[in-house]
Amino acid sequence: MMRGKLSSFISHAFVRQPSILHKASVGLGSGIIQGMTGVGGGIVLTTAMTRMFATTQLQATGTSLAFKITGNISAAATFAGSGLVDYTSAFWIGMPAFIGVVHGARLGKKMGDRRMQILFGGLLMTLATLCAFGKSK
């Protein structure tokens, strides 16, 4: 009996045909987290899309990257207005990252959806461990 209730709960928790309201809610939550922590699109949005909206990993990754255009510009402008942007570091990290993103997107398409899910999950676990147990200033 418990198994049936759990299955029913899980099936209702996931939206196979998300409405605009569902998508906007995920976008708002992801944007708030991105603005507060510097992450959000890649972690929150991609996970929400694959788990809640039954989107493939590759579709979620592409959508997340498109979302980051507006999210990153507005968040960076807010932090810059408070004097919290190191422009030299942003340049020297950003320029090579630009090249890396192009090659990473091509590699991700070649890897396929299942391998991307495994890579993404492993990356999340590694980052969570570093955040929880790594040294900070």
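The secondary structure comes to six helices and zero strands. The model is predicted. From the N terminus on, the elements run α-α-α-α-α-α. Helix α4 takes part in two helix contacts described here, one with α6 and one with α2.

**Overall numbers**

- The protein has 137 residues, and buried residues make up 18% of them.
- The accessible surface comes to about 10300 Å². Carbon and sulfur atoms account for 71% of that surface.
- Take the contacts between residues at least 6 apart in sequence. Of these, 56% join residues at least 24 apart.

**Helix α2 against helix α4**

- Two packed helices are described by the angle between their axes and the distance between the axes.
- Helix α2 covers residues 20-37. Its axis lies 10 Å from that of α4, and the two helices pack at an angle of about 40°.
- The crossing of α2 past α4 is right-handed.
- On the α2 side, the contact residues are Gly27, Ser30, Gly31, Gln34 and Gly35. On the α4 side, they are Phe67, Gly71, Asn72, Ala75 and Phe79.
- By class, this contact holds three nonpolar and seven polar residues, with no charged ones.

**Helix α4 against helix α6**

- Helix α4 spans residues 57-81, and helix α6 spans residues 113-133.
- Their axes come within 8 Å and cross at roughly 60°.
- From α4, the contact uses Gln57, Leu58 and Thr61. From α6, it uses Asp113, Met116, Gln117 and Phe120.
- These residues divide into three nonpolar, three polar and one charged.

**Residues to look at in α4**

- Lysine 68 lies in helix α4. Its relative accessibility is 26%, so lysine 68 counts as partly exposed.
- Lysine 68 and glycine 42 are 26 residues apart along the chain. Their C-alpha atoms are separated by 8.4 Å.
- Glycine 62 is also placed in helix α4.
- The C-alpha atoms of glycine 62 and threonine 46 are 9.0 Å apart. Along the chain, 16 residues separate this pair.

- Alanine 54 sits in the loop between α3 (41-52) and α4.
- Alanine 54 has a positive phi of about 55°, although it is not a glycine.
- With a relative accessibility of 42%, alanine 54 counts as partly exposed.

**Arginine 114 in α6**

- Arginine 114 lies in helix α6.
- Its relative accessibility is 56%, so arginine 114 counts as exposed. The cut-off for exposed is over 50%.
- Arginine 114 and leucine 58 are 56 residues apart in sequence. In space, the pair is 9.3 Å apart, C-alpha to C-alpha.
- Leucine 58 is itself one of the α4 residues that meet α6.

How values were computed: Residues are numbered from 1 along each chain as its sequence is written. This is a predicted model: local features need pLDDT of at least 70, side-chain atom pairs count only at pLDDT 80 or more; totals for chains, interfaces and linings use all residues. Side-chain values use heavy atoms; hydrogens and water are left out. Axes are lines fitted to C-alpha atoms, for helices over the stretch in contact, and angles run from 0 to 180 degrees between N-to-C directions. Helices (H or I, at least four residues) and strands (E, at least two) are DSSP runs, numbered from the N terminus. Contact means heavy atoms within 4.5 Å. Ala, Val, Leu, Ile, Met, Phe, Trp, Tyr, Cys and Pro count as nonpolar, Asp, Glu, Lys and Arg as charged, and the others, Gly among them, as polar. Buried means under 20% relative accessible area, exposed over 50%, partly exposed in between (1.4 Å probe, protein chains only). Accessible areas come from the Shrake-Rupley method with a 1.4 Å probe; for residues, only the protein chains shown count as cover. A crossing is left-handed if the near helix is turned anticlockwise from the far one by less than a right angle, and right-handed if clockwise.
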